[in-house]
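Please read these points with the sequence and the model open beside you.

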Amino acid sequence: MNATTKDIARQTGFSLSTVTKVVRGLSRQYNIKPETEKLIMGAAAELNYRPNHAARALITRKTNTVGLLFHSVKDQAQADRMFAIQEYLNELGYVGIISNWAVGERSFQTACDSVISRGVDGIICSHFETQLLTAKPPVVLLAYEDERFDSINYDYQGIIDQACDYFRSQGHKRIGFVGARTNERRYHAFMKQVQNDPTYTYCTQDGLHIGQAAVEYFLSLKHPPTALLCFNDISAMRLISAATSRGWKVPEQLSVIGMDNLPDAEVFWPTLTTFNSRINETSKILVDILMERIHNPEAPLKKIIMDWPLIIRNSTGPCPKGKVMK
């Protein structure tokens, strides 16, 4: 016969309420002392206690699961964000169910249906087709907006403006952009900066070869750019590697800025100037907003705009005054 929380309470001497909170992973939420948690979890292991989540869900009508709708785990920033969200959910006694739609013919609707059908208590989503989402379970959006849902958004225009202002402060005039697609908000923000002149822009959904292809395009121009802003750190590092292989020196002849501030940005050479998207901080706020919405459905909607600080490293420098690539 399987051990129960009553067995653990009887063996440890703690109340059934305290034992239940600990085994559900809610110690921090209810300020239960670490030594108490250690004793209870030790007894649970000794008694070979295994929680019955299905039975609990039937009683509480909650599954302690959250749907995580992100495009792909292949995107390093999204993968890091999902990991951070999962860690924080675990601390609160929840589990994230990840559903992507970057594989084969799988659609966002299919990914969405797959988590809703599992009875998740809430959803954290980063996708523009918000009209496909329903009001139940509660939803928190990242980087997109819908008047029905809580959201964290980014000031992409402000980010692009800051990058271009920094480049210009270093004397750069031929400033370019490397992106994933032309319907993306960062691309449109950049186009406002350059009066809709696409000469120094390169966009492709082929992320693996974006660096080499972009370098070949820019070097085919009569006057190549001296500064490039990339839509994420991976594309920036691939572009720098491709540029270096063609003899295009960074930052002596070409300055490059990325976006995300991935851990590799600090160890890549030259170390990457980038915008810090504050992945861990944003992930925690997303979870906190969702938990509040789950426990207080009638609370006012939260609409948060996160800024991205610019971290200046070695991949940027003054505009070259001598020989430039032609």
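The numbered points below concern a predicted model.

1. Aromatic pairs. The structure contains nine aromatic pairs. One of them joins Tyr 156 and Trp 308, with ring centres 5.8 Å apart. The planes of these two rings stand at 85 degrees, so the pair is edge-to-face, since an angle over 60 degrees counts as such.

2. Where that pair sits. Tyr 156 belongs to helix α7, residues 156-169. Trp 308 is in the loop between β11 (303-306) and β12 (310-311). The two residues are 152 residues apart, and their pair links distant parts of the chain. Are they buried or exposed? Both Tyr 156 and Trp 308 are buried.

3. A cluster. Tyr 156 and Trp 308 are also joined with Tyr 154: ring pairs link these three residues into a cluster.

4. A tilted pair. Tyr 202 and Tyr 217 form another aromatic pair, with 5.9 Å from centre to centre and 35 degrees between the planes. This pair is tilted. Tyr 202 lies in strand β7 (residues 201-203) and Tyr 217 in helix α9 (residues 210-219). They are 15 residues apart, and this pair too links distant parts of the chain. The relative accessibility of Tyr 217 is 27%, so Tyr 217 counts as partly exposed, the limits for that class being 20% and 50%.

5. Charges over rings. Which residue lies over the face of Tyr 30? It is Lys 21, at 4.3 Å from the ring centre. Arg 185 has its charged end over the ring of Tyr 144, at 4.9 Å from the centre of that ring.

6. The largest pocket. The space in the largest pocket comes to about 1,400 Å³. Its lining consists of 37 residues; His 71, Asp 75, Gln 78, Arg 181 and Phe 231 lie nearest the centre. By type, the lining residues are 16 nonpolar, 12 polar and nine charged.

7. Helices in the lining. Which helix gives the most to the lining of the largest pocket? Helix α5 does, with four residues. At least two lining residues come from each of α5 (76-91), α8 (185-193) and α10 (233-245).

8. Gln 86. Helix α5 also holds Gln 86. Why does Gln 86 count as buried? Its relative accessibility is 19%, and buried means under 20%. The Gln 86 side chain reaches the backbone nitrogen of Gly 96 at 2.5 Å.

Conventions:
Residues numbered from 1 in each chain as written. Predicted model: local features only at pLDDT ≥ 70, side-chain atom pairs only at ≥ 80, totals over all residues. Heavy atoms only, no water. Phe/Tyr/Trp six-rings, centres within 6.5 Å; stacked < 30°, edge-to-face > 60°. Buried < 20%, exposed > 50% of the residue type's maximum accessible area, 1.4 Å probe, protein only. Lys NZ or Arg CZ within 6 Å of the ring centre and 35° of its normal. 1 Å grid on protein atoms, 1.4 Å probe; cavity = no way out; pocket = protein on both sides within 12 Å on 5 of 7 lines; lining within 4 Å. Points joined across faces, edges and corners; volume = space filled by probe spheres on them. Nonpolar A, V, L, I, M, F, W, Y, C, P; charged D, E, K, R; others polar. Polar contact = N/O pair within 3.5 Å; in protein donor to acceptor, adjacent residues only side chain to side chain.
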